[in-house]
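Here is a short briefing for a first look at the structure below. It covers charged pairs, a helix contact and a surface patch.

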Amino acid sequence: MPPPADIVKVAIEWPGANAQLIEMDQVCICAQRDIEYWSLSGSEQFALRYADGPQLYITEQSRGDIKNGTILRLAISPGRAARQLLERIQSHGIDARLEALKELAKLSADPTFATEFINMEGIGTLARLVESGTHFGEMLAFTLTAFLELMDHGIVSWDLISLSFIKQIAGYVNQPMVDVSILQRSLAILESMVLNSHSLYHRVAQEITVGQLIGHLQVSNQEIQTYAIALINALFLKAPEDRRQEMASTLAQKHLRSIILNHVIRGNRPIKAEMAHQLYVLQVLTFNLLEERMMTKMDPNDQAQRDIIFELRRIAFDGENDPTGTEKRKAMYTKDYKMLGFTNHVNPAMDFTQTPPGMLALDNMLYLAKVHQDTYIRIVLENSSREDKHECPFGRCAIELTRMLCEILQVGELPNEGCNDYHPMFFTHDRAWEEFFCVCIQLLNKTWKEMRATAEDFNKVMQVVREQITRALAMKPSSIDQLKNKLRGLNYSEILRLRQSERMSQDDFQSPPIIELRERIQPEILELIKQQRLNRLCEGSCFRKLGNRRRQEKFWFCRLSLNHKVLHYGDLDESPQGEVPFELLSDKIPVSDIKSVVTGKDCPHMKEKSALKQNKEVLELAFSVLYDPDETLNFVAPNKYEYCIWTDGLCALLGREMGSDLTRSDLDTLISMEMKLRLLDLENITIPEAPPPVPKEPSSYNFTYNYS
């Protein structure tokens with residue numbers, strides 16, 4: 001008879017004694033038994049902790065997570081440990097204080113201990129130690145680590161932090177020479193202050209000099225560079241709208257872009273995931289500065305704005321005679337505005353009243369006309385002189401192109417958590433947005449000519465140009481010149497070839513025999529996809545635990561047993577390289593206990609964090625395994641591919657349909673390949689809609705075939 005489900009076999013250690021192997025069903029009874037076994041007194045003074053990994057305390061809420069074979073350790077209770085450490089960090093002995101702070105830095109990650117320590121006014125004690133300015137080196141580093149870990153539990157509001165504490169932490173950042181570990185923690189504390197408290201943003205902004213932060217980007221330590229960019233991003237993100245442009249100007253004067261390009265992007269070290277994320281965030285926040293102009297409508301009665309349109313006309317047609325008569329001038333301007341490609345020839349200001357792109361389109365056009373004047377004049381005159389209805393309307397194209405680029409680069413949207421999609425080329429020029437527009441408007445003009453388009457083909461041309469731009473950006477060009485080379489190779493003929501190739505690879509003939517063949521093949525292909533998904537689950541994947549500070553990431557690994565009966569998982573100190581052995585994964589879930597798989601907003605860990613304004617991309621990558629009794633295993637996939645693999649694999653384990661986008665794509669691709677292989681002998685032969693008629697029976701069956 002199998003043991004009850006709530007009985008687990010564990011080993012419990014006590015320093016200086018042999019481990020005790022027991023069966024237990026309740027943590028409190030188990031702890032009492034061990035206290036008696038080792039002749040210890042005062043059961044309320046002791047508690048159980050995990051012996052491996054983070055070594056967290058076991059509570060009534062977490063005891064259901066204990067699995068067979070777990071090694072536990074009998075330790076002093078969280079309250080007693082907090083009280084002892086609080087006394088020791090206030091002792092006069094330097095060595096004793098250092099050891100206490102070192103242990104505190106480790107224990108502070110435990111929410112149970114953190115609650116006890118905070119209730120004893122422990123955070124205030126640590127803050128006073130920092131404010132005193134008497135701690136240095138390792139002692140200060142451990143103090144800051146413990147402080148940050150305790151604050152990250154969200155038990156205490158950041159608004160309670162004193163101004164003297166902020167000044168002390170800012171002082172460590174502004175010092176030219178400071179220990180690396182102290183600098184890392186100081187930058188992280190300031191970032192958390194800015195992100196978690198509106199009032200602290202203003203205090204931190206007054207204490208921190210942007211020039212000093214930029215100085216930290218010129219070091220060789222990528223961790224310090226990452227923390228520095230993260231703090232710059234936090235200040236940028238929380239700054240009032242009227243301060244962001246001013247801050248951007250200051251960063252430009254301090255040559256932030258060129259420093260990042262030379263010391264980070266083109267440095268000797270590969271870009272780590274967190275650095276890539278911070279560069280992406282900076283890129284998004286920089287482009288979001290365009291949102292105000294993008295959402296600003298042009299005022300047709302504003303003379304200053306109208307003068308910009310006059311300037312566009314003057315640069316393009318400067319050499320022509322300007323009639324002095326008002327009526328003649330008005331008639332000529334109307335003609336010029338038509339040649340400039342505006343939709344409203346009489347009052348082109350009306351073309352800029354739609355948002356987006358609003359005034360941003362006019363800004364782009366003026367930049368092209370002034371900085372790349374020859375290109376601008378060539379595009380305008382080249383099309384205005386054509387009389388075959390194939391002229392490319394520059395004004396209309398520039399406005400629509402600006403709107404398109406805003407959509408592609410997601411101008412005005414907040415950064416996505418976990419996204420690392422930064423483009424190095426945007427860090428190679430101080431006016432990267434405008435230069436990007438100038439390259440794309442030339443591409444549009446070139447594609448228009450290649451397509452021999454007319455006004456009726458405007459939307460078709462824009463679709464092709466969007467495809468050209470997105471394909472080129474996907475190649476991650478490292479500079480504007482490299483982007484030009486990529487786009488040069490993606491001419492209209494190449495786009496047609498790529499489209500045809502993709503269409504052929506997904507071609508789905510509609511004749512009844514082909515449909516019947518597809519239906520016969522589909523179950524075999526689905527079984528093949530299912531086996532691939534399960535094999536990937538057996539190999540396993542690494543997932544990161546979402547926390548308040550992404551740079552101090554924690555990882556865990558999950559994989560399916562080779563017999564497809566158990567999910568093994570466990571915490572890791574760092575992201576693994578390759579497969580993780582089952583022996584290192586201490587926890588497991590029988591597949592037979594899994595009740596269902598939920599995704600997105602239905603996941604418990606997404607509901608719990610709804611107050612934190614969960615990001616759309618995180619929601620799209622979240623899924624949870626619900627298993628008996630009322631337990632969950634929560635995942636956030638590193639990317640969409642892993643999300644599809646795991647949700648498909650788990651559905652396959654439960655005997656449910658695999659419904660991910662990846663499954664549909666794989667199914668179409670594999671069925672298409674299999675059908676083409678089977679139909680090779682029928683190439684260039686028309687397959688009839690209906691089967692051929694069965695011939696009449698012969699008059700007799702008295703016939704043979706001589707094989708000799």
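Does Arg314 count as buried, exposed or partly exposed? At 37% relative accessibility, Arg314 counts as partly exposed. Here buried means under 20% relative accessible area, exposed means over 50%, and partly exposed lies in between (1.4 Å probe, protein chains only).

This is a predicted model, in which local features need pLDDT of at least 70 and side-chain atom pairs count only at pLDDT 80 or more, while totals for chains, interfaces and linings use all residues. Residues are numbered from 1 along each chain as its sequence is written, and side-chain values use heavy atoms, with hydrogens and water left out.

**Salt bridges within helices**

- The whole structure holds 28 salt bridges, each defined as a side-chain nitrogen of Lys or Arg within 4 Å of a carboxyl oxygen of Asp or Glu.
- Glu311 pairs with Arg314, with the closest N and O atoms 2.8 Å apart.
- These two sit three residues apart in helix H16 (residues 303–317), so about one helical turn separates Glu311 and Arg314.
- Helices are DSSP runs (H or I, at least four residues), numbered from the N terminus.
- Glu311 is partly exposed, at 21% relative accessible area.
- Glu467 forms a salt bridge with Arg471, and their closest N and O atoms are 3.0 Å apart.
- Both lie in helix H22 (residues 458–474), four residues apart, so about one helical turn separates Glu467 and Arg471.
- Glu467 is buried at 16%, whereas Arg471 is partly exposed at 22%.
- Salt bridges link Glu467, Arg471 and Arg499 in a network.

**A link between helices H25 and H28**

- Arg533 and Asp648 meet in a salt bridge through their side chains (3.1 Å, N to O).
- This pair links distant parts of the chain, 115 residues apart: Arg533 is in helix H25 (residues 512–539) and Asp648 in helix H28.
- Arg533 is buried, at 1% relative accessibility, and Asp648 is buried at 1%.
- Gly649 also belongs to helix H28 (residues 640–653) and is buried at 0%.
- Beyond its neighbours within four places in sequence, Gly649 contacts Arg533, Leu534 and Leu537; contact means heavy atoms within 4.5 Å.
- Gly649 and Lys530 are 119 residues apart in sequence, yet 6.9 Å apart in space, C-alpha to C-alpha.

**A negative surface patch**

- Asp95, Glu99, Glu138 and Asp179 form a negative surface patch.
- Patch residues have over 30% relative accessible area and no salt bridge, and like charges are joined within 9 Å.
- Asp95 lies in helix H3 (residues 94–107) and is exposed, at 61%.

Terms used: Patch = residues over 30% accessible without salt bridge, like charges linked within 9 Å, V, L, I, M, F, W, Y side chains within 5 Å. Areas by Shrake-Rupley, 256 points an atom, 1.4 Å probe, with all protein chains shown as cover. Lys, Arg positive; Asp, Glu negative; His and termini not counted. Charge placed at Lys NZ, Arg CZ, Asp CG, Glu CD.
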